[in-house]
Amino acid sequence: MESGILHIEQPVVLPGKQAVLVYQQGSGRAADTGNIFIPAQAKCKLLRMNPIPDPAEFILTGLEVEGELMFRRKRKYAGSYGGSRRGGRAGKIGKILLGILIVLLIVGGLAAWYLLTPYGPTEQAEQALTAQQQKVTVHTTENWIAFDAAKPKGNSVIFYPGARVKPEAYSLFARDLAASGHSVYIMKFPFNFAFTKADAADAVISSHPDEKFVIGGHSLGGVFASRYAVAHTDRIAGVFFLASYPDQNGNLAELGLPVMSITGSNDGVLQKDKYEASRSLLPADTAYYSVEGGNHGQFGSYGEQKGDQPAKISEKEQRAQTVSALISWMKAFPSDSKK
């Protein structure tokens, strides 16, 4: 069909199985359709019409109305309806990519929420950071919170907090332990995860060369405390776990270090099967202590923890039993502290 000026007296429909974009005269809007409607009384110039296998069907690639170019789109003709297939595939790929992007945004948002909403200290725990204590001096550095015992009696303690728990949430535990003569250093971690800086204890030990240390942690913190001990047996005198257990990289079974494991009978977070299986990674003479009625969250002071069971004893009672058990355990092995 040759190019020319057509005068349309009645609406004309040019059927086509390939969707094309056509500006309807006077509407200013585009219609994506398989049929091309040309309004009545429209004077049109067909710039090019490409015949395809069915002579009754055409691909409209250009349309000029009253001398004004309303639409132009280049299409590559690739066999029967090839352009349409490519367009369809491109549309499907675009939708898939959009779906993936939406999923990534949702996952990223959830991850950001998870990282940026840690368990914070209770009001009482915050007060323990500033209240004057006769037996304990508290000071904070960029990398740890120190609870210095006024009259040291034994090994100092390096403590790794649980996952997503702010270090301040263990201030009451650290204060009570320091009051008994054991200085405590609660480590700070990026995003409150011990795995982000597993060797954090190095800084404390290097800054206090005259002290001998035991290391321990709560929940995930205990896992990485044991790993540190395995890699630094010359710098660590013992390892303890609060509602925690070692993994294979923290295997303490043959290292000859004193170990203590403390759990709560109402702990709803600790995976009991993995805890029992981990006993093979601990020395045969490991000291075990169960706080009857205690749960997971009350090893710290940050309120209820998701997935935990209600405790049957107070946080204060659980903390008192935990501190007493640790003090008795540390008395059972020698200290090289010169402080």
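L98, L101, I102, L105, I106 and L110 together make a nonpolar surface patch of about 600 Å². A patch here is built from residues with over 30% relative accessible area and no salt bridge, where nonpolar side chains (Val, Leu, Ile, Met, Phe, Trp, Tyr) are joined within 5 Å and like charges within 9 Å. The accessible areas come from the Shrake-Rupley method with a 1.4 Å probe, and for residues only the protein chains shown count as cover.

## How the model should be read

This is a predicted model, in which local features need pLDDT of at least 70 and side-chain atom pairs count only at pLDDT 80 or more, while totals for chains, interfaces and linings use all residues. Residues are numbered from 1 along each chain as its sequence is written, and side-chain values use heavy atoms, with hydrogens and water left out.

## A positive patch

K135, K151, K153 and K331 form a positive surface patch. In this scheme Lys and Arg count as positive and Asp and Glu as negative, whereas His and the chain ends are not counted; the place of a charge is taken as NZ of Lys, CZ of Arg, CG of Asp or CD of Glu. Among these residues, K135 lies in the loop between α2 (123–127) and β7 (136–140), and K135 is exposed, with a relative accessible area of 54%.

## Salt bridges

Side chains of opposite charge can pair when their charged atoms come close. A salt bridge is counted when a side-chain nitrogen of Lys or Arg is within 4 Å of a carboxyl oxygen of Asp or Glu, and by this rule the model has 6 salt bridges. In one of them, D176 pairs with R319, with the closest N and O atoms 3.2 Å apart. Because D176 lies in helix α3 (residues 171–179) and R319 in helix α7 (residues 315–331), this pair ties together parts that are 143 residues apart in sequence. D176 is partly exposed at 26% relative accessible area, whereas R319 is buried at 7%.

R319 also forms a salt bridge with E315, where the closest N and O atoms are 3.1 Å apart. Both residues lie in helix α7, 4 residues apart, which is about one turn of the helix, and both R319 and E315 are buried. Through shared partners, salt bridges join R175, D176, E315 and R319 into one network.

A further salt bridge links D202 and R235, at 3.4 Å from N to O. D202 lies in helix α4 (residues 201–207) and R235 in the loop between α5 (220–231) and β12 (236–242), so this pair ties together parts that are 33 residues apart in sequence. D202 is partly exposed, with a relative accessible area of 23%, and R235 is partly exposed at 24%.

## Two single residues

K212 sits in the loop between α4 and β11 (213–218) and is buried, with a relative accessible area of 16%. The side chain of K212 reaches the backbone oxygen of D234 at 3.3 Å.

T137 lies in strand β7 and is partly exposed at 48% relative accessibility. T137 and A149 are 12 residues apart in sequence, and in space 6.7 Å apart from C-alpha to C-alpha.

Definitions and conventions. Helices (H or I, at least four residues) and strands (E, at least two) are DSSP runs, numbered from the N terminus. Buried means under 20% relative accessible area, exposed over 50%, partly exposed in between (1.4 Å probe, protein chains only). A polar contact is a pair of N or O atoms within 3.5 Å; within protein, one must be able to donate a hydrogen and the other to accept it, and residues adjacent in sequence count only if both atoms are side-chain atoms.
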